[in-house]
Amino acid sequence: MVGTAHRNTGTDGVEGGVGMTALLVAAARAIETHRHDSLARDDFAEHFVLAAPAAAGWPVRIHQVPDGDTNPLWGRFARYFGLRTRVLDDFLLRSVGDGARQVVLLGAGLDSRAYRLDWPEGCAVYEVDRAGVLDFKERVLTGLDAAPRARRVPVPVDLRADWVTALTGAGFDPAAPSVWLAEGLLFYLTSAAETFLIDTVDRLSAEGSALAFEVKLEKNLLDYRDSPIYTETTRQIGIDLLTLFDLGARPDSAGSLAGRGWTTSVHTPFEFTRRHGRGPLPERHDALGGNRWVFAAKRPVNAPEPARV
């Protein structure tokens, strides 16, 4: 089992512990959606923010931020989440375009991809997260009369519990190709929990499957406690990310997958900033400098190399 996947400092719903970061990402996606040069659109994101009392007063458009894009939280950090959303959207759509029809969102949070992406016929999107988070999302989307564009399968289970049984019990077929996403999840896991998760995804993935996840390379995140991204997130909305992140040494998950026959590629976010022409660029004493986005494909023997991310 994933040992400490979710640190819940409040209720079991979206407003406790790591659930608050789901609201932070939703606010960032809302801001990105309304930019004139938007990288990703999520028309549902602002409704999650507006429905949560804990997020009262949070901006959902950049013009609501007095210092706009110069604000470390709602400017640079939010743009980072917008870029990440776009890159992972592209990854998922490319993966189902290659034939996978099972999509598993681990620690799904307030992800609305089942509703906003153009999925091929026959796709199922499994959303794995705590019941309180999924229930909150369901209430908001039901109030909007939103309809999913794929078969959406909520899997209400804490990742500290037996999520594998819950996932397979919900209809997931380990014998069929799947695409997995752990967006912003592994930061909160212990090394042992991350290793277990990666091992489990490998075990449940048939040939033709794909996986994307995000990791940090810093050995001591406390060295970045004074980074504006972290200090302003704490000051402006009361979320001290460094108390939620696991600060222990990290495993080499990309290397582990490569050793099992997966094709892996590791990228900095700044590579995609340059590719898309917008997003964060490196700064001095940069808390984003150690972030890496990892993409992996479990290819059949002698299969051609996958398309470039």
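In this predicted model, histidine 285 counts as partly exposed, at 37% relative accessibility. Its place is the loop between helix H11 (269-276) and strand E7 (291-298). Histidine 285 also has a positive phi, near 50°, in a residue other than glycine. Aspartate 145 is not a glycine either, yet has a positive phi of about 55°. Aspartate 145 is found in the loop between helix H5 (131-143) and strand E3 (151-156), and with a relative accessible area of 70% it is exposed.

Attention now turns to the aromatic rings. A search of the whole structure gives 16 aromatic pairs. One of them joins phenylalanine 44 and tyrosine 115 in an edge-to-face arrangement, 5.9 Å centre to centre with 65° between the planes. Because phenylalanine 44 lies in the loop between helix H1 (18-33) and helix H2 (45-51) while tyrosine 115 belongs to helix H4 (residues 113-116), this pair ties together parts that are 71 residues apart in sequence. Phenylalanine 44 is buried at 16% relative accessibility, and tyrosine 115 is buried with a relative accessible area of 7%.

Tyrosine 230 and phenylalanine 245 have ring centres 6.2 Å apart and planes at 75°, so this pair is edge-to-face. Tyrosine 230 sits in helix H8 (residues 228-237) and phenylalanine 245 in the loop between helix H9 (241-244) and helix H10 (253-259), so the pair ties together parts that are 15 residues apart in sequence. Tyrosine 230 is buried, with a relative accessible area of 5%, and phenylalanine 245 counts as buried at 5% relative accessibility.

One aromatic cluster is formed by Phe77, Tyr80, Phe81, Phe91, Phe272, Trp293 and Phe295. Elsewhere, the charged end of lysine 216 sits over the ring of phenylalanine 187, 5.5 Å from the ring centre.

Conventions: Residues are numbered from 1 along each chain as its sequence is written. This is a predicted model: local features need pLDDT of at least 70, side-chain atom pairs count only at pLDDT 80 or more; totals for chains, interfaces and linings use all residues. Side-chain values use heavy atoms; hydrogens and water are left out. Helices (H or I, at least four residues) and strands (E, at least two) are DSSP runs, numbered from the N terminus. Buried means under 20% relative accessible area, exposed over 50%, partly exposed in between (1.4 Å probe, protein chains only). Rings of Phe, Tyr and Trp (its six-membered ring) pair if their centres lie within 6.5 Å; planes under 30 degrees apart count as stacked, over 60 as edge-to-face and the rest as tilted. A charge sits over a ring if NZ of Lys or CZ of Arg is within 6 Å of the ring centre and within 35 degrees of the ring normal.
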